[in-house]
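Subject: Structure handover

Hello,

Here is the structure you asked for. My notes follow below it.

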There are 2 protein chains.
Amino acid sequence: MADAFNQEKPARKFRKKSKVLQPIDDLIEGVRAGNRRDLARAITLIESNSPEHFNHGQELLKKLAPHTGNSIRIGITGVPGAGKSTFIETFGESLCEQGHTVAVLAVDPSSTVTGGSILGDKTRMENLSRNPGAFVRPSPSGGVLGGVHRKTRETMLLCEAAGYDIILVETVGVGQSEVIVRGMVDFFMLLVITGAGDELQGMKKGIMELADLIVVNKADGDNFHAAQKTRREYKGILHFLQPATKGWETQALTCSALRSTGIEEIWNTISLFEKITKDSGVFDERRRSQTKEWLHSMISDRVLNHFFQDPVIKSSFPDIESSVIAGSQTASQAVEKLMNLYKK
Amino acid sequence: MADAFNQEKPARKFRKKSKVLQPIDDLIEGVRAGNRRDLARAITLIESNSPEHFNHGQELLKKLAPHTGNSIRIGITGVPGAGKSTFIETFGESLCEQGHTVAVLAVDPSSTVTGGSILGDKTRMENLSRNPGAFVRPSPSGGVLGGVHRKTRETMLLCEAAGYDIILVETVGVGQSEVIVRGMVDFFMLLVITGAGDELQGMKKGIMELADLIVVNKADGDNFHAAQKTRREYKGILHFLQPATKGWETQALTCSALRSTGIEEIWNTISLFEKITKDSGVFDERRRSQTKEWLHSMISDRVLNHFFQDPVIKSSFPDIESSVIAGSQTASQAVEKLMNLYKK
């Protein structure tokens, strides 16, 4: 909600316009041919907040639309210290070895504040980044979470048009980021570690109920048996919760990203999920409703932003809000007053 | 979200205007004196969708504002068959016996569809209704959930101005109703029954994490020990979830509304909660942020309604939405187009 009250910050101006604004048909051809530099340029357009780049990027996206959608979209989140980047590196490399192509994206709300991003650290996922079958893109930075959301979603479509058949969307457990990522993926995975309950108390509300799979990482060495126990505890809790996906019982597995064990079983579980939900129609139904919900949330953001950025509303809102909290006018009266100001 | 896309239906015209639109000062005096007929009339004004009644009602509410807020607001929800109305009757009567005055309200989203309401059935809470210390009001019917929300919240304020020191807000587990009720109460209680886990699977996502107290009802006769076991199971799950209120560990108790056992312990728990959260400042902080959030959600509803009821938007939206789902334009392009139409 708060995001709607902030305006997207203008992007820095590009210095080398000619390089970015290359003819759209060339760029389309390059993306479709899997040229990584062209894909990166296309993403840069999508991420730009300048109107010229924006329109160019949207035109590109529209023309590439027929080639999108042919991947399995996997969201990955985890408690701090669960080893998300090691997991993604091991998992991604294993998928590449099997002949898949993997794009790794991120939604990082903290990037909206710091301008940095969870994948921004160059030393992370170094091996995967160098793998010819993989494409690793850091979270777009700057702007509001709604902007990061749009950019990641559109980048995902570009990666699909470039032929990547598995998209991994990483997120950190901050704010609404898991809900946003759950809203753009087919399968959602929660990475946890063992800790006998106490560490789990800090787990975000409702996050287990977003997951199609919970993976207890670091199931190796002395920790092997404890991880198995944690897995059983999660399985027990899951019994009391509604599953995230119709017709699919949320699973709990263990793995060691460090030792590369349990990775194959995770992929088999995702493949089974894909088969079951595609057969039942749940897969396609979710994608359609995700597109609809996304459109509606973009509209909400824009319409509310238009309202709260209105100069008259902007100048009168703080006083009106205070008066409602103080009780000197009712909320209903305040809303009437604001709407009358807005319509003028 | 969907609520914002529907307009509030106009209310039936009142036939006996003179009776409802009595002088506002008389009505204020009557409400303040605890005259139940005047309180009912004031609520009728609040619930009316006619502009004349609405303005009158809001003026009343504004003048009564200094006398509101002096109650403990308790939300109660429960799985179907948990015995909510028997519980509220037993609990309410016990509170009245102790010298409290109790107002029972309801948020029933189904009333927006059927025009009926959970408390509409006259035979329900018959004893409590007749108790001079209690005031039972059915859920407002008709209109969208946002309307039911506003009316219940404003009715709560009127009941406080009339001197009721305990407000019970009942809700059924449909749609967003628990989240709405959680957003208007100080303390939220989930009523459940025993069922060895299997019945709990159908429990709504995240509902346990809204609760400050889970009560296992029907802890009587042959069911006594099973209820204790269920209570322990819930306590075990709660250990893994984030508590709903800062500085308060969500409790799990048992009771029998039928045999009137365990009722006192529930009230003691609520009193302890009130003391702890008032001392820590969490109580007042929650009320302030609830008022703010309510204002913001009312604004969102109105602003989005203004957008979607715009004749041009209304006629062009379905085609634009379909084209986005079909991929013939991007979501971003669709939003731009709609905003341009709207601004004209």
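Chain A has 14 helices and seven strands. Helices (H or I, at least four residues) and strands (E, at least two) are DSSP runs, numbered from the N terminus. Of the 344 residues of chain A, 55% count as buried. Buried means under 20% relative accessible area, exposed means over 50%, and partly exposed is in between (1.4 Å probe, protein chains only). Take the contacts in chain A with a separation of 6 or more: 76% of them come from residues 24 or more positions apart. Contact means heavy atoms within 4.5 Å.

Ground rules: this is a predicted model, in which local features need pLDDT of at least 70 and side-chain atom pairs count only at pLDDT 80 or more, while totals for chains, interfaces and linings use all residues. Residues are numbered from 1 along each chain as its sequence is written, chains are lettered from A and ligands numbered from 1 in the order in which they are written, and side-chain values use heavy atoms, with hydrogens and water left out.

The two copies

The interface

The same surface serves both copies: 100% of the contact residues of chain B recur in chain A. The contact takes 61 residues from chain B and 61 residues from chain A. Together the chains bury about 5,600 Å², 68% of it on carbon and sulfur atoms. Buried area here is the accessible area (1.4 Å probe) that two parts lose on being put together, summed over both.

Two salt bridges are found across the interface of chain B and chain A. A salt bridge is a side-chain nitrogen of Lys or Arg within 4 Å of a carboxyl oxygen of Asp or Glu. Glu336(A) pairs with Arg302(B) in a salt bridge, with the closest N and O atoms 2.5 Å apart.

The interface of chain B and chain A also has twelve residue pairs in polar contact, both residues at pLDDT 80 or more. A polar contact is a pair of N or O atoms within 3.5 Å; within protein, one must be able to donate a hydrogen and the other to accept it, and residues adjacent in sequence count only if both atoms are side-chain atoms.

Several helices of chain B each supply at least two residues of the side that touches chain A, among them H4 (51-64), H10 (224-238) and H14 (331-343). H12(B) gives the most to that side, with 15 residues. The residues of that side divide into 29 nonpolar, 17 polar and 15 charged. Ala, Val, Leu, Ile, Met, Phe, Trp, Tyr, Cys and Pro count as nonpolar, Asp, Glu, Lys and Arg as charged, and the others, Gly among them, as polar.

Salt bridges within the chains

The whole structure holds 26 salt bridges over all chains. In chain A, Glu47(A) bridges to Arg137(A), with the closest N and O atoms 3.1 Å apart. Glu47(A) lies in helix H3 (residues 36-47) and Arg137(A) in the loop between strand S3 (134-136) and helix H8 (145-161), so the pair ties together parts that are 90 residues apart in sequence. Glu47(A) is buried at 18% relative accessibility. Arg137(A) is buried at 15%.

In chain B, Arg73(B) forms a salt bridge with Glu160(B), with N and O atoms 2.7 Å apart at the closest. This pair links distant parts of the chain: Arg73(B) sits in strand S1 (residues 72-78) and Glu160(B) in helix H8 (residues 145-161), 87 residues apart. Arg73(B) and Glu160(B) are buried.

Arg287(B) is in contact with both, and also with Gly69(B), Ser71(B), Ile72(B) and Asp186(B), leaving aside neighbours within four places in sequence. Arg287(B) belongs to helix H12 of chain B and is buried, with a relative accessible area of 12%.

Regards
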